Amino acid sequence: MAGDIQLQCSDCGQEFSFTAADQAFFSERGFSTPKRCKSCRMAKKGEQQGGGGGGGGYRSQSPSSHGSGTPVICSGCGQPTTVPFEPRGDRPVFCRDCYVARKGSSGGGGGRGRY
Ligand SMILES: [Zn+2]
Ligand SMILES: [Zn+2]
């Protein structure tokens, strides 16, 4: 019975479909009809959540990553980098290079007893 509704985003002006599933979800939670398309909502959400660090000078080194990394300082080389997970305070975090280097040269005492 319920079908998709085409709505216009108030942010980017693009039409987006307010699907039947979304309509059910929204009415279930008591939300009103969305004014923004999905990507604008996501952008807004990300903005609010990740709006922390005021420190400038951070440069994203991997443009291929979708901006979902957490900026950290590598415990190996001390360079700023991003990791795709939330680092824990008690664990060292490494940049990609250091991580691969560590992983590649499995330090002595591994499980393998092969010569
Ligand atoms: Zn939009
Ligand atoms: Zn490093």
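**A pair at the metal site**

Both C9 and C40 are buried, meaning under 20% relative accessible area, with exposed being over 50% and partly exposed in between (1.4 Å probe, protein chains only). This is a predicted model, in which local features need pLDDT of at least 70, side-chain atom pairs count only at pLDDT 80 or more, and totals for chains, interfaces and linings use all residues. Residues are numbered from 1 along each chain as its sequence is written, chains are lettered from A and ligands numbered from 1 in the order in which they are written, and side-chain values use heavy atoms, leaving out hydrogens and water.

Now to the metal. The SG atoms of C9, C12, C37 and C40 coordinate the zinc ion (ligand 1) at 2.2 to 2.4 Å; donors here are N, O and S atoms within 2.8 Å of the metal (3.2 Å for Na, K and Ca), and water is not among the atoms, so sites may look incomplete. Along the chain, the donors of the zinc ion (ligand 1) are spaced as C-x2-C-x24-C-x2-C. Because C9 sits in the loop between β1 (5-8) and β2 (15-18) while C40 belongs to helix α2 (residues 38-49), the pair ties together parts that are 31 residues apart in sequence.

Stepping back, the protein has 3 helices and 4 strands, in the order β-β-α-α-β-β-α along the sequence. These are DSSP runs numbered from the N terminus: helices are H or I with at least four residues, strands E with at least two. Of the 115 residues of the protein, 15% count as buried.
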